[in-house]
Each structure stands twice: as C-alpha cells, then as structure tokens.
Amino acid sequence: PLRSRFQARAIEAFSVQSVVSDLGEGVLQALGKERAQQLLQVAETLKAVEESDPQAGLLHVSDLLVRGVARHVTTFKASRVPNILRRYYPYFLLPSRASGGKQPGSSTVTTVLERFGVNSESG
C-alpha cells in the first residue's frame with residue numbers, strides 16, 4: 001500500500017516504441033539487430049498471450065523485462081539471451097500441463113521462445 005498519493009506513479013502499457021527509445025541506439029547496436037528483434041518479438045508475443053488469455057498462467061511482461069535483458073546482454077557480452085531471459089523471466093517455475101498443472105504456463109513460454117529461435121540461439 002502507498003503511504004501517500006505522492007508515491008503513486010503512472011505505469012504505462014508495454015510498447016516496443018517506448019522500449020526502443022529508452023534503450024537508445026548504442027544498446028540496440030551492441031545487442032545486434034537480430035537479437036534485438038528476437039527479444040522484442042518474444043516480449044510482444046508473451047504480452048499478447050497474457051492479454052488475450054488471462055487464465056494462461058503467465059507472469060506479467062513489462063518493458064523492464066526487455067530493458068533488463070538487453071542491458072545485461074550488452075554489458076556481459078558472453079551472456080546468452082536464453083540464459084539471461086530465464087533469470088529475468090523465470091517461466092520454468094510456472095506449472096505446465098505436462099507436470100499435471102491445469103494451465104499451459106511454462107509450455108506456452110517455451111513454445112514462444114522456440115518459435116522465435118531464442119532457445120536454440122548459440123550466442
């Protein structure tokens with residue numbers, strides 16, 4: 001709970017344009033065009049799934065996720081996007097239908113990552 005109305009702040013909806021403008025050209029160039037596109041596509045797709053099916057059991061996707069992963073990968077160049085994404089978005093902790101859960105959860109995220117080639121990325 002907020003202690004006063006002055007602690008409240010507006011939280012804008014996730015948009016690719018806001019993330020790209022916040023990151024700046026330097027971070028996007030260091031990340032690489034293909035990796036940046038993959039990361040943004042994954043975030044947009046997960047956000048769309050989250051909005052279209054609130055019962056899907058996904059974690060909230062925000063622009064902070066994309067910014068954090070992008071900055072981490074550009075700071076630590078040897079990092080792999082799939083490994084860093086697992087740290088910032090721990091989808092593997094979500095129940096999946098395969099493990100007896102009722103919601104798609106982690107299997108949905110895994111499908112999205114495979115669709116955009118993030119799981120198989122080599123660097």
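A cavity, on a 1 Å grid over the protein atoms alone, is a set of points where a 1.4 Å probe fits but cannot get out, and its lining residues have an atom within 4 Å of a point. The model shown in these views is predicted, with local features needing pLDDT of at least 70 and side-chain atom pairs counting only at pLDDT 80 or more, while totals for chains, interfaces and linings use all residues. Residues are numbered from 1 along each chain as its sequence is written, and side-chain values use heavy atoms, with hydrogens and water left out.

**View 1. The lining of the largest cavity.** Leu39, Val42, Ala43, Leu46, Leu65, Val66 and Leu85 line the largest cavity. Two or more of the lining residues come from each of helix H2 (33-52) and helix H3 (63-75), helices being DSSP runs of H or I with at least four residues, numbered from the N terminus. H2 gives the most, with four residues.

**View 2. The bend in helix H1.** A kink of about 95 degrees in H1 is centred on Gly24, the bend being the angle between axes fitted to the seven residues ending at a residue and the seven starting there. Just after H1, Gly32 takes a positive phi of about 95 degrees.

**View 3. The buried side of helix H1.** Val16, Ser18, Val19, Leu23, Val27, Leu28 and Leu31 of H1 are buried, that is, under 20% relative accessible area with a 1.4 Å probe and protein chains only. The buried residues of H1 pack against H2 and H3, where contact means heavy atoms within 4.5 Å.

Definitions and conventions
1 Å grid on protein atoms, 1.4 Å probe; cavity = no way out; pocket = protein on both sides within 12 Å on 5 of 7 lines; lining within 4 Å. Buried < 20%, exposed > 50% of the residue type's maximum accessible area, 1.4 Å probe, protein only.
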